[in-house]
Amino acid sequence: MSIGVLILNLMIPGCSSLKEKRGRLRPLITKLRKDFNLSVAEIDDLDIWQSSVVACAMVSNDARQTRKVLQKVADWVEVTWRDVDVVDDQIELF
């Protein structure tokens, strides 16, 4: 069994309130849950308007597959999702 966690440090440019931040993150989190079948949550920088840390978790029977899917998610967010800028991403396997 393999448990993988992807941690995304995000910048949200032009965001001027917590309400706007959550409104811009909600569609991203929903899309990641739906399209990649992941558990997703904002885990840090909860009160900072233009910054967020989002974690994605996945359980699989193959560590290589877990790493591959999580890297695909990180690349997808960086290339496709224009509302946020990926500052850093980290993948950890357990």
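Predicted model: local features only at pLDDT ≥ 70, side-chain atom pairs only at ≥ 80, totals over all residues.

Guide: We start with pairing. Two strands pair if DSSP finds at least two bridges between them. Here β1 and β4 are joined by eight bridges and run antiparallel.

Visitor: What holds paired strands together in general, and how many bridges join β1 to β3?

Guide: Strands of a sheet pair through backbone hydrogen bonds, either parallel or antiparallel. In this case ten bridges join β1 to β3, and the two run antiparallel. I7 has A55 of β3 as its bridge partner.

Visitor: Over how many bridges do β2 and β3 pair?

Guide: Five bridges, in the antiparallel sense, with β3 spanning residues 51–60. D44 finds its bridge partner, V53, in β3.

Visitor: In what order do the four strands lie in the sheet?

Guide: The order is β2-β3-β1-β4, in an open sheet with antiparallel pairing. β2 (39–44) and β4 (85–93) are at the edges with a single partner strand each, so one side of each has no neighbour in the sheet. On average, neighbouring strands of this sheet are turned by 20 degrees against each other, direction ignored.

Visitor: Is β1 mostly covered or mostly exposed?

Guide: Mostly covered. Of the ten residues in β1, seven are buried.

Visitor: Now the helices. Which strands does α1 lie across?

Guide: Helix α1, residues 18–36, lies across β1 (2–11), β2 and β3. Its direction runs at about 150 degrees to β2. Helix α2, residues 63–80, also packs on the sheet, where it touches β1, β3 and β4. The direction of α2 makes about 15 degrees with that of β1.

Visitor: How do I read the two sides of a helix?

Guide: Start with the geometry. An α-helix has 3.6 residues a turn, so residues three or four places apart point the same way. Now take α2. It has 18 residues and reaches 25 Å from its first C-alpha to its last, close to the 26 Å expected at 1.5 Å a residue. T66, V69, L70, V73, A74, W76 and V77 are buried in α2. They cover an arc of only 160 degrees around the axis, which puts them on the same side of α2.

Visitor: Which residues are exposed on the other side of α2?

Guide: R64, K68, K72 and V79. The buried residues of α2 are covered by elements including β1, α1, β3 and β4.

Visitor: Where do nonpolar side chains tend to go?

Guide: In soluble globular proteins, they tend to be buried together. The largest nonpolar core here has 25 residues. L10, L28, L32 and V77 have the most contacts inside it. β1, α1, β3, α2 and β4 each supply at least two residues of this core. The largest share, six residues, comes from α2.

Visitor: What does L32 touch beyond its neighbours in sequence?

Guide: Leave aside residues within four places. L32 is then in contact with N37, L38, V40, C56, V73, W76 and V77.

Visitor: What about L25: buried or exposed?

Guide: Buried means under 20% relative accessible area. L25 has 2% relative accessibility, so it counts as buried. This residue is in helix α1. Beyond four places in sequence, L25 contacts L10, I12, E42, S52 and V84. Its C-alpha is 15 Å from that of L38, which is 13 residues apart from L25 in sequence.

Visitor: And R24, a charged residue: buried or exposed?

Guide: R24 is in helix α1. At 16% relative accessibility, it counts as buried. Not counting residues up to four places away, R24 touches I12, P13, G14, C15, W81 and D83.

Visitor: What is the phi of D45?

Guide: Near 55 degrees, again a positive value in a residue other than glycine. D45 is in the loop between β2 and β3.

Notes
Residues numbered from 1 in each chain as written. Heavy atoms only, no water. Axes fitted to C-alpha atoms, helices over the stretch in contact; angles between N-to-C directions. Contact = heavy atoms within 4.5 Å. Core = buried A, V, L, I, M, F, W, Y, C linked by side-chain atoms within 4.5 Å. Buried < 20%, exposed > 50% of the residue type's maximum accessible area, 1.4 Å probe, protein only. Expected span 1.5 Å × (residues − 1). Arc of directions from axis to C-beta.
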